[in-house]
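This report describes the fold, the nonpolar cores, the disulfide and selected residues of one protein. The sequence and structure are shown first.

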Amino acid sequence: GGADGYAAAGDFGGAIGLQLAQALPLGCGTNPPASLFVDARPAIGTTVTMTLTNPLGTQAAGSLVALALGLSAFPGPCGVPVPGFGMAGPGQNGELHLDLGAGDYVLGLAGILTSPTAVGTVPYSVPLAPALIAFSFYAQGIVVDPAPGASVGLGLTNGLQLFHGS
């Protein structure tokens, strides 16, 4: 017969196995599931784009969109309910995923919505550093409608846990 082919995946240290880059959504449906997403896997040496939006359209054009990245999150996929931080309507709960009390986070402006369902984007370049394989961090966004009397002033996006990999 025919020839047989064999293959094995190995990491940069020579160990058998492979850590694939992935972005896992966090949330239990309180925050809109498509309010924060990435366009690709965060593989080392690549650039991914994180996109934030209010898909429910409950916040007006001119709302500010910010993204927080952190190393600590609350346990479980549902986070902690926060009254008045939901996108679904006035006074609704939102799910907070980042553990802001840990102090290991950064917050940056991602843009200003040009319409109620517009998006803000943040590019993230994953360094080409093999030591970062299997490193994970968390991301969550917030949309702030600064208009006086806004019915939904603050709205949290769903969260993501991002794993660097190949």
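Gly 84 is partly exposed, at 31% relative accessibility; the classes are buried (under 20% relative accessible area), exposed (over 50%) and partly exposed in between, with a 1.4 Å probe and protein chains only. The model is a predicted one, in which local features need pLDDT of at least 70 and side-chain atom pairs count only at pLDDT 80 or more, whereas totals for chains, interfaces and linings use all residues. Residues are numbered from 1 along each chain as its sequence is written, and side-chain values use heavy atoms, with hydrogens and water left out.

Gly 84 belongs to the loop between β5 and β6 (93-96). Apart from neighbours within four places in sequence, Gly 84 is in contact (heavy atoms within 4.5 Å) with Gly 91, Gln 92, Asn 93 and Leu 154. The C-alpha atoms of Gly 84 and Val 152 are 7.9 Å apart, although 68 residues separate the two in sequence.

The protein has 10 strands and zero helices; helices (H or I, at least four residues) and strands (E, at least two) are DSSP runs, numbered from the N terminus. Of its 166 residues, 36% count as buried. Among contacts with a separation of 6 or more, 73% are between residues 24 or more positions apart. The protein exposes about 8,200 Å², of which carbon and sulfur atoms supply 63%; accessible areas come from the Shrake-Rupley method with a 1.4 Å probe, and for residues only the protein chains shown count as cover.

In soluble globular proteins, nonpolar side chains tend to be buried together. The largest nonpolar core here has 20 residues, and Leu 36, Met 50 and Leu 162 have the most contacts inside it. Such a core is a set of buried Ala, Val, Leu, Ile, Met, Phe, Trp, Tyr and Cys residues joined through side-chain atoms within 4.5 Å. Apart from it lies another core of five residues, including Ala 66, Val 82, Leu 96 and Ile 142.

Met 50 is found in strand β3 and is buried, with a relative accessible area of 1%. Beyond four places in sequence, its contacts include Leu 36, Leu 67, Val 122, Phe 137 and Leu 162. Met 50 and Val 122 lie 72 residues apart along the chain, with their C-alpha atoms separated by 5.1 Å.

One disulfide (a pair of cysteine sulfur atoms within 2.5 Å) is found in the whole structure. It joins Cys 28 to Cys 78, with an S to S distance of 1.7 Å, and the link is left-handed, with -80° about the S-S bond. Cys 28 lies in the loop between β1 (22-26) and β2 and Cys 78 in the loop between β4 and β5 (80-83), so the pair ties together parts 50 residues apart in sequence.

The relative accessible areas of four residues are listed below.

| Residue | Relative accessible area | Class |
|---|---|---|
| Met 50 | 1% | buried |
| Cys 78 | 33% | partly exposed |
| Cys 28 | 42% | partly exposed |
| Ile 112 | 51% | exposed |

Ile 112 is found in strand β7 (residues 105-112). Together with Leu 64 and Leu 109, Ile 112 makes a nonpolar surface patch of about 290 Å². Patches are made of residues with over 30% relative accessible area and no salt bridge, with like charges joined within 9 Å and nonpolar side chains (Val, Leu, Ile, Met, Phe, Trp, Tyr) within 5 Å; a salt bridge is a side-chain nitrogen of Lys or Arg within 4 Å of a carboxyl oxygen of Asp or Glu.
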